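Dear colleague,

Please find the structure below, together with its sequence.

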Amino acid sequence: MTILGIESSCDECAVAVVADGRRLIGQVVATQIEYHRPYSGVVPEIASRKHTEWIESVYRGCLDESGIDQKDLDGIAVSCRPGLVGSLLVGVSFAKALAYALDLPLIGVDHIIAHLYAPHLEHHIEYPFLGVLLSGGHTLIARVGGYDDVEVVGATIDDAVGEAFDKVAGYFELGYPGGVEIDKHARRGDARAYRFPAPRLHKGDHPFDLSYSGLKTAVVNQREQFRDSAYEATIENICASFEKAAIDMLVSRVLKAAEHFGLNTVVAGGGVAANTYFREALTQHTGLQVVLPSLALCTDNGAMVAALGYEYLSRGLTSGLDLDVSARTPGYRRTYP
Ligand code: KG4
Ligand code: ZN
């Protein structure tokens with residue numbers, strides 16, 4: 001079964017063709033980074049306009065690269081939530097038009113579930129596992145029991161981890177996307193220079209929750225309070241210390257959750273899963289099988305959407321042409337009354 005996957009939830013305009021949910025036949029990922037760079041963040045209106053301009057040629061380019069004809073497709077999968085509504089609408093409307101014109105089934109998928117599914121394209125992974133999704137919009141830890149059986153057991157109560165990286169990088173004018181720049185600077189810094197505090201969460205029923213807004217404020221506004229006087233206040237040291245605090249908090253929650261739920265396999269996804277220190281820190285823990293997708297599968301792509309779409313379609317689960325988009329999926333960000 002050959003599925004086309006369309007991803008337009010944020011600033012990547014991406015289309016891929018995947019056979020039988022596992023074999024990537026071809027893909028194109030057109031990134032809008034240079035259009036958002038002047039604003040140090042994704043501008044929703046620019047994002048949806050670029051998707052509108054690009055989606056047809058990204059689709060044609062993907063078919064060319066795949067060496068297949070559109071008549072060979074068996075289904076059209078598309079991210080329909082969560083994300084920027086205007087951007088999602090472009091991908092979903094294009095997917096609907098294709099499904100209608102080619103008389104193919106349409107499969108709307110959740111972008112986060114697709115991220116957690118992406119590693120299956122490169123690894124054989126048994127369920128259940130602990131899924132860790134780290135992106136610019138989401139930070140969550142989930143017990144994953146099947147392709148769409150995702151129970152969120154920990155989530156950020158404020159900023160997403162990628163958002164914190166981007167905001168800190170934005171403050172120091174390091175460039176965009178900020179996570180990548182912090183990663184580069186941190187490699188040349190000493191993480192012992194600043195001891196940023198870990199958040200004190202009122203844990204209650206949610207011992208695996210996370211918080212990043214306090215850390216971000218400490219780095220931006222109060223960092224001198226936390227500096228070890230033996231170290232210089234260089235940008236490299238700030239980045240290394242911030243990165244360590246952000247990732248250590250996360251890794252400690254992941255280890256606790258893995259132990260609590262008796263899960264030996266940890267599968268990571270999302271753009272921040274590309275972070276060098278995160279990859280090192282998580283793989284250090286013997287006893288845990290850690291699955292980290294390649295960098296191209298960590299960030300937004302159409303392959304994860306097509307692969308997940310196969311799971312639904314092979315069970316006869318499809319969407320109607322009234323498929324709608326949604327900015328959020330309930331439960332992905334912890335909200336307190
Ligand atoms: O999953 P993703 O491509 O897009 C969504 O947000 O859905 O994630 C983008 C995020 C951005 O915040 C970016 O700064 C961060 O991933 N990122 C990184 C690294 N590469 C990308 N953060 C830390 N270290 C990296 N190497
Ligand atoms: Zn994403």
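In this predicted model, the largest pocket is lined by 46 residues. Those that lie nearest its centre are Cys10, Ser135, Gly136, Gly137 and Asp166. The elements that give two or more residues to this lining are strand S3 (23–31) and the helices H4 (111–117), H5 (161–171) and H6 (178–186). The volume of the largest pocket is about 1400 Å³. Sorted by class, its lining has 20 polar, 17 nonpolar and nine charged residues.

Which helix gives the most to the lining of this pocket? That helix is H5, with five residues. H5 also has a buried side: Val161, Gly162, Ala164, Phe165, Val168 and Ala169 are buried in it. These six residues are on the same side of H5 because they cover an arc of only 160° around the axis. Among the elements that cover them are strands S6 (129–134) and S7 (139–146), as well as H6, helix H7 (213–221) and helix H8 (235–261).

Helix H6 has buried residues of its own, namely Gly178, Glu181, Ile182, Asp183, His185 and Ala186. They pack against H5, H8 and helix H9 (276–283).

The loop between strand S8 (149–155) and H5 holds Thr156. Is Thr156 buried or exposed? Its relative accessible area is 1%, and since buried means under 20%, Thr156 counts as buried. A polar atom of the Thr156 side chain lies 3.2 Å from the backbone nitrogen of Asp158. Leaving aside residues up to four places away in sequence, Thr156 touches Thr139, Leu210, Ser211, Tyr212, Arg333 and Arg334.

Some points of the backbone also deserve attention. Most peptide bonds are trans, and most residues other than glycine have a negative phi. The bond from Tyr127 to Pro128, however, is cis, with omega near -5°; Pro128 is in the loop between H4 and S6. Tyr176 and Pro177 are likewise joined by a cis peptide bond, with omega about 0°, and Pro177 is in the loop between H5 and H6.

A positive phi is found in Asp20, where the value is near 50°. Asp20 is in the loop between strand S2 (12–19) and S3, and counts as partly exposed at 40% relative accessibility. Ser40, in the loop between helix H1 (33–36) and helix H2 (44–66), has a positive phi of about 55°. Its relative accessible area of 43% makes Ser40 partly exposed. Finally, Glu173, which follows H5, has a positive phi near 50°.

With kind regards

Terms used:
Residues numbered from 1 in each chain as written. Chains lettered and ligands numbered in written order. Predicted model: local features only at pLDDT ≥ 70, side-chain atom pairs only at ≥ 80, totals over all residues. Heavy atoms only, no water. 1 Å grid on protein atoms, 1.4 Å probe; cavity = no way out; pocket = protein on both sides within 12 Å on 5 of 7 lines; lining within 4 Å. Points joined across faces, edges and corners; volume = space filled by probe spheres on them. Helix = DSSP H or I, 4+ residues; strand = E, 2+ residues; numbered from the N terminus. Nonpolar A, V, L, I, M, F, W, Y, C, P; charged D, E, K, R; others polar. Buried < 20%, exposed > 50% of the residue type's maximum accessible area, 1.4 Å probe, protein only. Arc of directions from axis to C-beta. Contact = heavy atoms within 4.5 Å. Polar contact = N/O pair within 3.5 Å; in protein donor to acceptor, adjacent residues only side chain to side chain.
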